[in-house]
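I opened this notebook to keep track of what I looked up in one protein structure. The entries follow the order in which I went through the model.

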Amino acid sequence: MAQHFARSLLLLTALSASGCAAFSPDSGMNAVSELTSQTIKEDVAFVRTAEGAEAVDATVRRLLSRTLSTETAVQIALLNNKGLQAAYNELALAETDLVEQSLPPNPVFSISRISGNGASEIERQVVGDILALATLPFRSDIARERFHQAQLRAALATLRLAADVRRAYVRAVAANEMVLLLTDAKSTAESTAQLAVKLGETGSINKLDQAREQVFYAETTADLATARQTATSAREKLARLMGLWDDGLDFRLPNALPSLPRRPQASPSIEADAVAHRIDLQIARLELTALAKSSNLTEATRFVTLLDLAGISRRTQDPDGAPFRERGFDVQFQIPIFDGGEVRVRQATETYNFAFNRLTERAVNVRSEARDAYRAYRSTYDIASHYPREILPLRKIITEEMQLRFSSMQVDIFALLTEARQRLASLRGAIDAKQNFFLAQSDLQTAVNGGGAPAGGGDNPTTIAAAAPADGGH
């Protein structure tokens, strides 16, 4: 009987193994690439070999050989950021869990020999976990959902990095533009302050006017120092995100942000787009599905938590040396006297309900974030375009008119310099407004496709489940 049971157990194991998952050639990266390419349109790579690392290094060096644009900065980060590579390693680990959960449990063979008082006993056992075999399809299905979720997590990490790089790039280039503006302003203020000192020595101006010109020079000098520090810090953050060090730190950035688009993009269905495309919502939907399946599995196994069926073959030798065989089987299971599984079922149910309610809350928040991001995008575009369309042309006219009046000696030099200070303030406002627009543009893309900071503090299943809405009721 034991041999028949062992053969049956091996046959059942073989049949179960026929549907097992296998390792994919790319560790699931193809799905990540498809998801991210729709949004950032850049290549992603999971570096796992020395040859792959050399190819990435060559590509990064080629991209660094020219002045960086937003797209090239994002591409370098996607290839070179080691934190992102670690996220891809987590995806590969998730695939190992998928393969492991799809495999039937290995049968256990044991043999023992006991002797004493002139008698000996040899016992052989083949033990199989019937419960694990029975629940194999459920566990495999849940693991496949978890793996798909891990693919979305990797895609989300990719989008988050791309969004961070875009924001860091905008701040770094805007800081460069501000440094150049203040450098020119400092030069003008220095000349004016020196002129004020000379005029003060001759008694042509009073101490009040002289002090005004000197304080403008001092304030401009302080502003320039602050702008340079801001530019240095912004550049360092961009370098960190791109994973650069040593020779790679010599990358070149443009001196000014690009011009505004001719017209802002229209998004009449911004809420629907956000709900449909947010990857963090897709992650949460899968997590909720996995929780539901886990609840079903808990319900199915609530009264049987341990079931081991052992095929036993004993060979016993009596004191006279005459061997004889004993055959049989042994069944072990818990008797649900004190805990019939109600606690586990209640825990699974409440965990699911908790996740569903948090998901619904997050759905409302996502829609609100999308609306707010689009309003910020439109308002910053209107403000940024207002400077070159209205404010700066008027400032230019005023400056030209003041110079004409100064040439005809209708106004003195200090009136001209006062206008120069006001024009500097307008130019600084224009740079800040343009920076705010490009940051808002990046935030809008993040609100629709994901890639922002994680919702909540952690990445445990319950927290992630609370990050998005389900498709229907529960």
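In which helix is the place of Val448? I found Val448 in helix α12, where helices (H or I, at least four residues) and strands (E, at least two) are DSSP runs, numbered from the N terminus.

Before going further I noted that this is a predicted model, in which local features need pLDDT of at least 70 and side-chain atom pairs count only at pLDDT 80 or more, while totals for chains, interfaces and linings use all residues. Residues are numbered from 1 along each chain as its sequence is written, and side-chain values use heavy atoms, with hydrogens and water left out.

Helix α12 (residues 413-449) has 37 residues, and from its first C-alpha to its last I read 54 Å, close to the 54 Å expected at 1.5 Å a residue; the expected span is 1.5 Å times one less than the number of residues. Just after α12, Gly450 takes a positive phi of about 90°. Helix α9 (residues 270-277) packs with α12 at an angle of about 60°, and their axes are 6 Å apart. Axes here are lines fitted to C-alpha atoms, for helices over the stretch in contact, and angles run from 0 to 180 degrees between N-to-C directions. The two helices α9 and α12 are therefore oblique to each other, since angles under 35 degrees count as roughly parallel, over 145 as roughly antiparallel, 65 to 115 as roughly perpendicular and the rest as oblique. On the α9 side I found Ile270, Asp273, Ala274 and His277, which meet Leu444, Ala447, Val448 and Asn449 in α12. By class, this contact of α9 with α12 has five nonpolar, two polar and one charged residues (Ala, Val, Leu, Ile, Met, Phe, Trp, Tyr, Cys and Pro count as nonpolar, Asp, Glu, Lys and Arg as charged, and the others, Gly among them, as polar).

**Entry on α4 and α5.** I then turned to helix α4 (residues 70-80) and helix α5 (residues 82-102), whose axes come within 6 Å and cross at roughly 50°. α4 and α5 are therefore oblique to each other. Ala77, Leu78, Leu79 and Asn80 in α4 meet Lys82, Leu84 and Gln85 in α5, and the residues of this contact divide into four nonpolar, two polar and one charged.

**Entry on α8.** Helix α8 (residues 207-242) has 36 residues and reaches 52 Å from its first C-alpha to its last, close to the 52 Å expected at 1.5 Å a residue. Its buried residues include Phe216, Thr220, Leu224, Ala227, Ala231, Ala234 and Leu238. An α-helix has 3.6 residues a turn, so residues three or four places apart point the same way.

**Entry on the whole protein.** I recorded 13 helices and four strands, and of the 474 residues, 41% count as buried.

Terms used. Contact means heavy atoms within 4.5 Å. Buried means under 20% relative accessible area, exposed over 50%, partly exposed in between (1.4 Å probe, protein chains only).
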